[in-house]
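Take a look at the fold below.

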Amino acid sequence: MAVNHPIFSRWPARYPDRLQLFSLPTPNGVKVGIMLEETGLAYEPHRIDIMANENHDPAFLAINPNGKIPAIYDPDGPGGRPLALFESGAILLYLADKSGKFLSTDPHTRYETIQWLMWQMGGVGPMFGQVGFFNKFAGKAYEDKRPRDRYVAESARLLGVLEQRLAGRDWVMGTDYSIADISLLGWVRNLIGFYEARELVGFDRFVHVQAWLARGLARPGVQRGLEVTAA
């Protein structure tokens, strides 16, 4: 039973037979909320307030020793055994396999999709996040703008890669919406919205990315997923 895990001493499960989500609507956090809403898997959300340092609570560290959101606990994991999992990319892969959705079973397409997921994890997330720090948060006060400008330039380059990929495609993988799109939507949305970097990165020149973002944000599952664990 889910109640046996230490996480539930701090965040009790009302529905212990459901997949449990521990998250916050950050760009990484919304990936899993979107995925769960898009797949229709039954789940119970728990808000982890990182501003209150809840992600360093011993109960949370028991599920993610790295102290970051999101994390999940599936009481019905592989082989019927419970599974605790952190890292948003790993969670997307797991939920895709569990639901049979948004990740092709064709080996070539599958690995190409995973390639774009890794690109988001290793490039887009870290670079966009640094733009947020230097443009919106504490780094904004730094007189030396070279760090900000470095991350802005790299973020614009990454948007250019995505722009080229989306030319002639509705989604990253073509006609099929996938975990590659789900991993990217929250980050691109945050970059031009919450991080206030639309003009800095010259977002309006990326016409294919703009159209893709509009398509993604129009999806009901995405709209719901963006609000999971919101205050």
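Accessible areas here come from the Shrake-Rupley method with a 1.4 Å probe, and for residues only the protein chains shown count as cover. By that method the protein exposes about 10900 Å². Carbon and sulfur atoms supply 53% of it.

This is a predicted model: local features need pLDDT of at least 70, side-chain atom pairs count only at pLDDT 80 or more, and totals for chains, interfaces and linings use all residues. Residues are numbered from 1 along each chain as its sequence is written, and side-chain values use heavy atoms, leaving out hydrogens and water.

Now the layout. The protein has 8 helices and 4 strands (DSSP runs numbered from the N terminus: helices are H or I of at least four residues, strands E of at least two). Their order from the N terminus is β-α-β-α-β-β-α-α-α-α-α-α.

Next, the interior. Of the 231 residues, 49% count as buried, meaning under 20% relative accessible area (1.4 Å probe, protein chains only). A nonpolar core is a set of buried Ala, Val, Leu, Ile, Met, Phe, Trp, Tyr and Cys residues joined through side-chain atoms within 4.5 Å. The largest one has 58 residues. Those with the most contacts inside it include I72, L95, F203 and W212. Among the elements giving two or more residues to this core are β1 (19–23), α4 (107–135) and α7 (207–217). Apart from it lies another core, of 13 residues, among them I7 and Y73.

What does W212 touch, leaving aside its neighbours within four places in sequence? Its contacts (heavy atoms within 4.5 Å) include L162, W171, V172, D181 and V188.

Terms used. Buried means under 20% relative accessible area, exposed over 50%, partly exposed in between (1.4 Å probe, protein chains only).
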